Structures are given as structure tokens and as C-alpha cells.
Amino acid sequence: MIKTKAIGPIPPGYQAIDGELALGGQKAGVLVAENGSPLFVYSRSRLDARMAQLRAAMPDALDLHYAMKANPFPPLLRYMVGLADGIDIASGGELRMALEAGAAAEHISFAGPGKRDEELEQAIQAGVTINIESPTECDRALRIGESLGKKPHLSIRVNPDFDLKGSGMKMGGGAKPFGMDIELVAPTAKRILDAGADWRGFHIFAGSQALSADAIIETQSQTIELAGRLATMIGQRPDHVNLGGGIGIPYFPGDEPVDIGKVGNAMSEQFKRLPNILASTQFAIELGRYLVGEAGVYLTRIIDRKMSQGQTFLVTDGGLHHQLAASGNFGTVVRRNYPAAIATRFDEEPTETVSIVGCLCTPLDRLSDNAVMPEANVGDVVAIFCAGAYGATASPANFLGQGPAKELLVD
């Protein structure tokens, strides 16, 4: 008897046309036939809805930034530039893409623990805000700014003395490669001010992919308190404080979405009690997967159906080289099933237990283990949901010479 495994929750709102999963008003099978397989499909309407939901929940005074590392597909990035208040980047390559997508330099911030001198030079020339990660990086940025005859815009990334509880990826608390320990922040800020550079404020990112509203609220409160404490030590109001992100999306069985209204209400209350030194500071949060993750679906065609010792395998022309996270090889300890469906039989009842695997010569290439699905055959299309973030560019597309999947932005 094969033990079945549940799949993660399919995001609400997906509908069918003639029994097939529909994306942007088009059948999944038609999209694959016209554009090829495998194929990432991203929905503008779902991006609009998520941003509208977030703006309705959060205080009007809070800026909403898009962390483009989640998905830098150029058409999607251009669309997000129009929706978000700022773009957060993590490399010189992302700086180039953000500028090409129409982002204004004053609305771009650059984080990352290993910025090369040429990347610092590009950022200073463009006029973006650089989140300084160490005193030595600060010295390099000041030296480069002086050589260019340009005043760099510098914010300090802080390694907080707390982390985001329940976070899938902890970015603060303890020894970290990200940001400066608290005792280094004030001396570095004074070094920036003494050099005549533009000190912008703080970037404080404690963790990501949390589903607990209470944990997110607690971390945001701690972050605001820390920003006030550091500003008092420096003796100057910060123009800007990036509170980080942390808001996750449901991927696995049992996951529940964050109560975003509760988070927004708590932040509104926190803004009413800001210390005087932060009273006119502009606050922002940066989000990647929360904005784009559920707006994407990965479509891959079944090319073989086979049996092995009583188990059924559906072999697709896609796999972990495009969906490393869904395969369980991108930060998860125990492999669990992402939300998945037979797109071309979306309305049919599940009748059999199957494992959906990719085309690579490795047992790691699994998209779904022992999941109950409608009976599917060669030519049917599998859909992996929550594929809008950390898919195409966070997976080893060239492994075994496979190459990248196509990407498409639809209504």
C-alpha cells in the first residue's frame, strides 16, 4: 500500500475553462502549445490584487518596496516598478536591470554583503542608496565617492540582536554575514557624516518567509525600537528606515496565509507611538515572494508514464533545473509537496497516487511525491503553483545542458 502525501494549498482564485486550468483567460494547454514547455506564466491581475490587498492593510505612510531577486523577469519587473514605491537590488546586474525597467535611481536601494568596487562605483554614479554591510565597505564607498567627485547615498544595514521567530530564513540575531553588529553602527554613521556623505538611515532585516502575524508584528516592533535607539546614539534623525520583509506565503500542507490585516493594524498603532527622533522618518518594508510568488505557475508537459514496483511515475520535460524549491532542494530540510495539479484535467476528481518527476538523471528531481491526482497521460500538462518567486533565476537552469524555461506575463 503506497502512503499518499498531501500537496500544498493551491492559491485561491484559479479557475478552469472547459475543465483546464486557465491563466490570464487562456487554457494552460493552449499556452504550452503556443509557447513551448516548460513555461513559467505570471499574472498581472494577481500582482495587482496582491499589491492592492497590501496597500489596503498597511498604513498610508508606509512605502512598499519590491525585492527584485524574487523574480527579475524583465516584463514582470517593469510592471512591478509601476506598482511598488521602490526597488531593492542585490547586485550590479540587478542595478542595470532595474534602471532598464524604468526604476528611478532615488527609489533603488542596494544590499548585499559582497559588493565589488565596480558595483559600488556603478551605484554611486547612478545615485542609488547603498546599504553598507561593514565598516570596510563603508570606507570603500567613501573612497570611491571621493574619486568620482560624487556624494554617495549610504544607509547602514544592521545585524539586529533578535531574529524573526518562525522564519524560514533567519537574517539577523547571532553571527551573520549580513549587516553590522549593533556596536559598530553609530561609529560608522558618524564616519559617513564626518566625510560629508549622505547618511540615509537604516536597513534592518531579521528574517523571511514567516507565516505568523504575531511573530512579524513582534519583529517590526523590535525593529522600530532598535532604529530609535541607534538614531539616538548617533544623534541624528534617519531619513529612511527599511524594516525588512518577512511575510511569507503558504507552500506546504497545513500552511495558512498571514493575517495581513492584523499586521497592518499593529503597524498603524506602532506609527502612532514613534519616538521623537523617528517622527518624520520615512519607513518601508521590502517584499519579494509575498508580492509575486502566488502570481506564477510553472507548466511542464508529461512525456512518459511508467510503473516501477507498483508505483506510478509521471515524467515531465521540466524539473528541478527550473523549480529547485519545489523539488525540495532550496533550503527545506524535509521534502514536502508544493501545490500542484494536472492543469489539463483541473476539474477532474483525483483517482490515483502518482509521483511527478523531472527529466534529469538524479533522484533529487522530484516535483511531487505520492500525490493523489486525476489520471494523467503523455501530453497532459502539470502545473506547479507558487512559482512566481525564486524559480527561473534561483534554479540551475543549465544543469545537464537543459537550458532555461520560457517565461510569459499574461493578464
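Which strand holds H203? H203 belongs to strand 12 (residues 198-204). This is a predicted model, in which local features need pLDDT of at least 70, side-chain atom pairs count only at pLDDT 80 or more, and totals for chains, interfaces and linings use all residues. Residues are numbered from 1 along each chain as its sequence is written, and side-chain values use heavy atoms, with hydrogens and water left out.

View 1. Strands (E, at least two residues) and helices (H or I, at least four) are DSSP runs numbered from the N terminus. H203 has a relative accessible area of 2% and is buried (buried is under 20% relative accessible area, exposed over 50%, partly exposed in between, with a 1.4 Å probe and protein chains only). The side chains of H203 and E286 form a polar contact of 2.6 Å. Such a contact is a pair of N or O atoms within 3.5 Å; within protein, one must be able to donate a hydrogen and the other to accept it, and residues adjacent in sequence count only if both atoms are side-chain atoms. Leaving aside residues up to four places away in sequence, H203 touches N131, S155, I156, R157, V158, N242 and E286 (contact means heavy atoms within 4.5 Å).

**View 2. The buried residues of helix 3.** Helix 3 spans residues 74-83, and L76, L77, M80 and V81 are buried in it. Seen down the helix axis, the buried residues fall within an arc of 145°, so they line one face of helix 3. The arc is that of the directions from the helix axis to the C-beta atoms. An α-helix has 3.6 residues a turn, so residues three or four places apart point the same way.

**View 3. Helix 2 against helix 9.** The axes of helix 2 (residues 44-57) and helix 9 (residues 260-272) come within 8 Å and cross at roughly 40°. That makes the two helices oblique (under 35 degrees is roughly parallel, over 145 roughly antiparallel, 65 to 115 roughly perpendicular, and the rest oblique). Axes are lines fitted to C-alpha atoms, for helices over the stretch in contact, with angles from 0 to 180 degrees between N-to-C directions. Q53, L54 and A57 of helix 2 meet I260, G261, G264 and N265 of helix 9.

**View 4. Positive phi at D18 and C386.** Phi is near 55° at D18 and about 55° at C386. D18, in the loop between strand 1 (15-17) and strand 2 (20-23), is exposed at 67% relative accessibility. C386, in the loop between strand 21 (381-384) and strand 22 (406-410), is buried at 1%.
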